[in-house]
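Student: I would like a close look at a single residue and then at the parts around the rest of the chain. Please keep it plain.

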Amino acid sequence: MKVSLKDIAQALNLSKATISWILSGQGEAKGFSEATIKRVKEYADSVNYRPNQVARSLSLGTSNTLGLIIPFIGDTFYAQLAQAVETEAARNNYALFVCSSEGDGDKEYKLIQMLKSKQVDGIIVAPTKVSRKGIDLLTKDSLPFVLVDRYYPNVPTNYVIVNNSQSCYDLVYHIGKKGAKNIALLTTDVHLYVMKQRIEGYRKALRDLNLSNDLSLEVFVDRQNYKMDIVDKLDYLFSELPNVDGFFFSTHYLALEAIRYFIERNIDYKTKFQMGCFHETTSLDILAPRMSISRMPIHEMGVESVKILLENIQDKEADYKAVVLDNELLPSGYSKDP
């Protein structure tokens with residue numbers, strides 16, 4: 001049988017308000033003795049008392065919960081980001097609801113509505129960019145939120161991203177300096193502003209290196225069907241430009257699928273190409289140990305997102321914050337531990 005505040009008050013011959021203040025951490029501020037505070041807490045533990053979180057949130061105006069919406073929960077990057085956010089939230093005594101939009105704008109909108117109904121204190125979102133109605137809902141609402149990894153350059157919001165253009169420029173420039181003359185780009189989700197920035201960095205590096213910027217080197221892969229589409233696109237690339245000697249992958253899962261393609265075609269990719277990837281994923285250190293990496297600061301992204309969100313929860317009039325973090329260039333691949 002569930003124990004209530006009233007039950008504890010009757011058992012200890014104290015008022016219900018006294019029990020509530022002590023168990024909510026306000027006992028000392030309200031002037032109760034150490035002995036009374038200890039007595040109440042020990043009894044509550046002995047009867048396995050669990051507070052009614054809904055009633056508590058209505059009373060205090062806060063639920064100590066946050067929401068996180070990511071596009072793909074199975075993606076290693078977003079899984080690591082979720083872990084970083086959860087760890088920082090817990091450090092600040094907040095629980096976290098983690099949801100996946102699966103890249104669907106309508107689902108993202110419904111998840112935002114659901115999290116609002118759960119009375120979360122704030123939401124962190126890596127938006128789909130396919131539809132903006134979920135973000136528009138948050139913008140019109142008073143609920144604090146932060147965009148992470150992706151953002152809308154013309155919408156005033158809090159966001160935490162990386163310097164996509166410069167990071168890609170540095171990586172592609174490095175590949176060119178290592179000897180690659182015909183560097184192909186494999187990219188996807190070009191509707192995302194951050195992907196456009198990565199393409200911009202790739203093109204600028206080629207110009208500064210005076211290398212070929214043949215548009216045939218730019219391979220755009222369908223995100224919804226990328227495992228099959230990448231095969232057709234690479235077949236076409238090699239038939240049109242057999243002298244390709246370098247690859248820049250704008251995201252980690254394209255690098256893995258390209259390596260699968262190379263292995264199935266018996267292409268000695270380890271010696272034939274100079275390769276670079278925006279961020280990393282499990283297995284790349286084994287499959288392509290010489291691949292250069294632009295490593296994203298995932299932990300810092302998670303910490304900054306939670307930090308900004310909590311500041312906005314405490315002060316809803318706080319100014320918007322835009323945080324742009326730098327990637328780490330690993331010129332020899334996995335030479336440093338994450």
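Does N164 count as buried or exposed?

Tutor: N164 counts as buried, at 1% relative accessibility. Buried means under 20% relative accessible area, exposed means over 50%, and partly exposed lies in between, using a 1.4 Å probe and protein chains only. This is a predicted model, in which local features need pLDDT of at least 70 and side-chain atom pairs count only at pLDDT 80 or more, while totals for chains, interfaces and linings use all residues. Residues are numbered from 1 along each chain as its sequence is written, and side-chain values use heavy atoms, with hydrogens and water left out.

N164 is in helix 8, which covers residues 164–177. Helices (H or I, at least four residues) and strands (E, at least two) are DSSP runs numbered from the N terminus. The side chain of N164 makes a polar contact with the side chain of R198, at 2.8 Å. A polar contact is a pair of N or O atoms within 3.5 Å; within protein, one must be able to donate a hydrogen and the other to accept it, and residues adjacent in sequence count only if both atoms are side-chain atoms. Apart from neighbours within four places in sequence, N164 is in contact (heavy atoms within 4.5 Å) with V194, Q197, R198 and F278.

Next, helix 6. This helix runs over residues 105–117, and its 13 residues reach 19 Å from first C-alpha to last, close to the 18 Å expected at 1.5 Å a residue. The expected span is 1.5 Å times one less than the number of residues. Its buried residues are G105, E108, L111, I112 and L115. They cover an arc of only 115° around the axis, which puts them on the same side of helix 6; the arc is that of the directions from the helix axis to the C-beta atoms. An α-helix has 3.6 residues a turn, so residues three or four places apart point the same way. The buried residues of helix 6 pack against strand 1 (65–70), strand 2 (95–100), strand 3 (122–125) and helix 7 (133–140). On the face turned away from that buried side are the exposed residues K110 and S117. At the start of helix 6, a side-chain oxygen of D104 comes to within 2.8 Å of the backbone nitrogen of D106.

Strand 2 contains C99, which is buried at 8% relative accessibility. Not counting residues up to four places away in sequence, C99 touches L68, I69, I70, L111, M114 and L115.

The structure holds 0 disulfides, where a disulfide is a pair of cysteine sulfur atoms within 2.5 Å. C277 is an example: its sulfur is 9.7 Å from the closest cysteine sulfur, in C168, too far for a bond. C277 is also buried, at 0% relative accessibility.

Q119 follows helix 6 and lies in the loop between helix 6 and strand 3. Q119 has a positive phi of about 60° although it is not a glycine, and with a relative accessible area of 37% it is partly exposed. N266 has a positive phi of about 60° too, and is not a glycine either. N266 sits in the loop between helix 11 (252–264) and helix 12 (269–272) and is exposed, at 73% relative accessibility. Most residues other than glycine have a negative phi.

Helix 14 (residues 298–314) has 17 residues that should span 24 Å at 1.5 Å a residue, and its end C-alpha atoms are 25 Å apart, which agrees. Its buried residues include I298, M301, G302 and E304. The buried residues of helix 14 pack against strand 1, helix 5 (76–91), strand 3, strand 4 (145–148), strand 5 (158–162) and strand 11 (322–325). G302 has a relative accessible area of 0%. Leaving out residues up to four places away in sequence, G302 touches L81, A84 and V85. G302 and V148 are 154 residues apart in sequence, yet 8.2 Å apart from C-alpha to C-alpha.

Last, the cores. A nonpolar core is a set of buried Ala, Val, Leu, Ile, Met, Phe, Trp, Tyr and Cys residues joined through side-chain atoms within 4.5 Å. The largest has 73 residues, of which F247 and M291 touch the most other members. A second, separate core of 21 residues includes L143, L147, Y151 and L192.
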